[in-house]
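Hi everyone, thanks for making time. Let me put the sequence and the structure up, and then I'll walk you through a few spots.

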Amino acid sequence: MPKMQVAEVIVKILEDEGVTAMFGIPGAAINPVYKYLGQTTKIKHYIARHEEGACHAADGYARTTGKVGVCICTSGPAATNFVTGLYTAQVDSIPIVAITGTATRAVLGQEAFQAVDIAEIVKPVTKKSYCVREPYRLPGTMREAFRIAREGRPGPVLIDLPVDLQRTEIEYDPETDRSLDFSTPKANERQIKKAIDMILEAKNPIILAGGGVIISGASKELQELAEYLSLPICASYMGKSALDTNHPLYAGLVGTIMQTRLGNKLFLESDLVLAVGARFVDRHTGKLDVYTKDRKFIHIDIDPLQIGKIVPTELGIVSDAKEALQMMVDQAKARNAKVMPNEWVSSIPARRKELARRLDFDDVPIKPQRLFKEINEFFDDDTIFVTSVGLNQIWSGQYQEIKKPGHYKVCGCAGTLGWDLPASIGAKVGYEEMGMPQKKVVGITGDGGLGFMVEELAMAAHYQTPIVMLVLNNGFLSLIRQNQSIVYDYEYAVDLTYDTDKLAKHGIGIDFVKLAEAFGLYAERVEQPGDLKAAFQRALDNAPAILDIICERETNCSMGLALDAIAERG
């Protein structure tokens, strides 16, 4: 059997697992692996400028391709910089394998230089973590890591590698080593029959589409079931894009933050909820007594621990969403149980239009609502939008029209500022790998959020990754300002403007045009609503690009503490 260094074995296994892109930063404790990454022709490595950015780029890549995203870095603070990215991937169910280097085995536990116990640190935010100390356990550990990342509810796994272990030679035959199989849970016929019975017996049944619909690629089955049984579809925020937002059965988002007026209203009018791949987090449900009152729940989820965790569940089905929905379609058709839409269902398009929030403002500075009106009108149905936490994300969730499944990529429960820039890069890399370079990737961020990961503009420029970042610049940490102002009646430490003499015309702090140009990107500032569409086109023509869009400073978002108590603002 041939002998090779563990570092080379790692790269051989990555190749065999189908890894074609990695995001990371080299360092002394991981350099043995980088030697062999430099020799492979099957994997392209993208140099991030911060380890967190590398992890978020791997996340965006995984959401796009359906493959396991891979990020890599050295020891100590490099490894701990992965924690936020792993947490973000964990709560959004994104498969990532993170590889870190560490000090030699002899000094572990002795507070040696950059020798942090990252495997212990990340346990709460990963599906599994390892520090490999025996060389011959490396191949099995690597294979298990990829299996765990993919199996069941997807998620992140971390492998920590002492530098001396990477240099150790072991016997290894890549011809006989293979990826591990894994199973996917499926519903049984009895459960499916009962689910159909409950739907047919209900007066106002609805479907709640969660992020699991996107992950499992179940939009086609979701739509087929809804159309056959005339079921209105609402969505959690992570389920946005599960169905064309203009489909006659689509009511909108349900939640206290990310919501539409009809989405909440229709949900509260329902008596049965078929929840598919949803986790019922607090910003979705709000007050649980309001959320659950007078309605029963059927919950389909690939993770058995999610069922009954937050809402009382009449029927729990542990299954991949796509498999369960297809079984429900088949069962309904076998019964010839097609349902024609009643008045409640057929009125959805008219009610959606009636309850839509106003977007047609001509104000200067630009109202965020007008910006999203222009976005909806300009960008085609194939555009991919990426956004992260802030009022920018809430406006996007409430106002944006998304026509195709998976074309809206969002950082959900972690609320990670700065995620959108590196995730956009990872998404674009994924589409180019998949032979879809025509897919436009547009990030929607705020001036505060962009500052968190601004160094990754260098990664976009370095690889000429043609993304466009739209910066909603109002000079505030605006989500925090709204919370302070409305809930606590004060504002402090949220104003990002400074050097007012120099920048008084715009009332801003960072000059994002000059900043982007310093990184080598195209950039321009937009101050008039009528100039937006032409600027969008120039940005696309010159991508990677940034548009610094000067927005009205104190526009607020509509939100509340319960589905029936949303304060309309703006």
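Let's start with lysine 439, which is buried, since its relative accessible area is 9%. Keep in mind that this is a predicted model. What does the side chain of lysine 439 meet in a salt bridge? That would be aspartate 382, at 3.5 Å from N to O.

Buried or partly exposed, what is glutamate 17? Buried, at 9% relative accessible area, whereas arginine 150 is partly exposed at 24%. Both belong to a network of salt bridges that also takes in Asp16, Arg143, Asp177 and Arg178.

One more pair: glutamate 269 and arginine 351, where the closest N and O atoms are 2.8 Å apart. Glutamate 269 is in helix α12 and arginine 351 in helix α17, so this bridge ties together parts 82 residues apart in sequence. Here arginine 351 counts as buried, at 15% relative accessibility, and glutamate 269 is partly exposed, at 28%.

Now back to helix α20. It covers residues 420–433 and reaches 20 Å from its first C-alpha to its last, close to what's expected. Of its 14 residues, 12 are buried, so the rest of the structure largely encloses it. Among those buried residues are Asp420, Lys428 and Tyr431. Just past the helix, glycine 435 has a positive phi of about 80°.

Next, some strands. β19 and β20 run parallel and are joined by 5 bridges. To get from β19 to β20, the chain goes through helix α26, in a right-handed β-α-β crossover.

Last stop, the surface. Ile486, Val487, Tyr488, Tyr490 and Tyr492 make up a nonpolar patch there, with about 570 Å² of accessible area together. Isoleucine 486 is part of helix α23, and it counts as partly exposed at 35% relative accessibility.

Note on methods:
Residues are numbered from 1 along each chain as its sequence is written. This is a predicted model: local features need pLDDT of at least 70, side-chain atom pairs count only at pLDDT 80 or more; totals for chains, interfaces and linings use all residues. Side-chain values use heavy atoms; hydrogens and water are left out. Patches are made of residues with over 30% relative accessible area and no salt bridge: like charges are joined within 9 Å, nonpolar side chains (Val, Leu, Ile, Met, Phe, Trp, Tyr) within 5 Å. Accessible areas come from the Shrake-Rupley method with a 1.4 Å probe; for residues, only the protein chains shown count as cover. A salt bridge is a side-chain nitrogen of Lys or Arg within 4 Å of a carboxyl oxygen of Asp or Glu. Helices (H or I, at least four residues) and strands (E, at least two) are DSSP runs, numbered from the N terminus. Buried means under 20% relative accessible area, exposed over 50%, partly exposed in between (1.4 Å probe, protein chains only). Two strands pair if DSSP finds at least two bridges between them. A crossover is right-handed if, with the strands pointing away from the viewer, the path from the first strand over the helix to the second runs clockwise. The expected span of a helix is 1.5 Å times one less than its number of residues.
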